[in-house]
Amino acid sequence: MAIIQIRVDDDLKDDAQALYDELGLDLSTAIRMFLKKAIAVGGFPFDTKVDEAIFKALKALKHSHVISKENGNDKMTLDEINEEIRLAREERENNKCNIT
């Protein structure tokens, strides 16, 4: 029997493992199933096209991640983000009061 080694990021492996655990499969069995199906259909066992709207959304999401990294806030927690929003709203309200 041959051994195939692949490298994937930890999150991808963990998410796939959790999915296949729910289905009662181990990751090796799921990959064997993928390979067998690919051979049976003579290619990928699923459509490899991405809907244009989804593609644009993914590009926008990646771009927003780049901007977030550049601004140093890509590791912020939801609580930290909410606090930033609260402070910005408070500052905006204070500026309104100073103008009138």
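Predicted model: local features only at pLDDT ≥ 70, side-chain atom pairs only at ≥ 80, totals over all residues.

Student: Which residues do the like at the start of helix 2?

Tutor: There, a side-chain oxygen of Asp-26 comes to within 3.2 Å of the backbone nitrogen of Ser-28.

Student: How do you know what span to expect for helix 1?

Tutor: Helices are DSSP runs (H or I, at least four residues), numbered from the N terminus. The expected span is 1.5 Å times one less than the number of residues. Helix 1, residues 10–22, has 13 residues and reaches 18 Å from its first C-alpha to its last, close to the 18 Å expected. Helix 2 has 15 residues and reaches 21 Å, close to the 21 Å expected.

Student: What comes just after helix 1?

Tutor: Gly-24 takes a positive phi of about 80° there. Just after helix 2, Gly-42 has a positive phi of about 75°.

Student: Why is the pair of Phe-34 and Phe-46 called tilted?

Tutor: Rings of Phe, Tyr and Trp (its six-membered ring) pair if their centres lie within 6.5 Å; planes under 30 degrees apart count as stacked, over 60 as edge-to-face and the rest as tilted. By this rule there are two aromatic pairs. The ring centres of Phe-34 and Phe-46 are 6.1 Å apart and their planes are at 35°, so the pair is tilted. This pair links distant parts of the chain, with Phe-34 in helix 2 and Phe-46 in the loop between helix 2 and helix 3, 12 residues apart. Phe-44 and Phe-46 make a tilted pair too, 5.5 Å centre to centre with 45° between the planes. Phe-34, Phe-44 and Phe-46 form one aromatic cluster.

Student: Why does Phe-34 count as partly exposed?

Tutor: Buried means under 20% relative accessible area, exposed over 50%, and partly exposed in between (1.4 Å probe, protein chains only). Phe-34 has 34% relative accessibility, so it counts as partly exposed. Phe-46, at 48%, is therefore partly exposed. Phe-44 has 55%, so it is exposed.

Student: Is Ser-68 buried or exposed, and why?

Tutor: Ser-68 is found in helix 3. Its relative accessible area is 18%, so Ser-68 is buried. The side chain of Ser-68 makes a polar contact with the side chain of Asn-73, at 2.9 Å.

Student: And why is Ala-53 called exposed?

Tutor: Ala-53 lies in helix 3. The relative accessible area of Ala-53 is 52%, so the label is exposed. Ala-53 and Glu-70 are 17 residues apart in sequence and 26 Å apart in space, C-alpha to C-alpha.

Methods. Residues numbered from 1 in each chain as written. Heavy atoms only, no water. Helix = DSSP H or I, 4+ residues; strand = E, 2+ residues; numbered from the N terminus. Polar contact = N/O pair within 3.5 Å; in protein donor to acceptor, adjacent residues only side chain to side chain.
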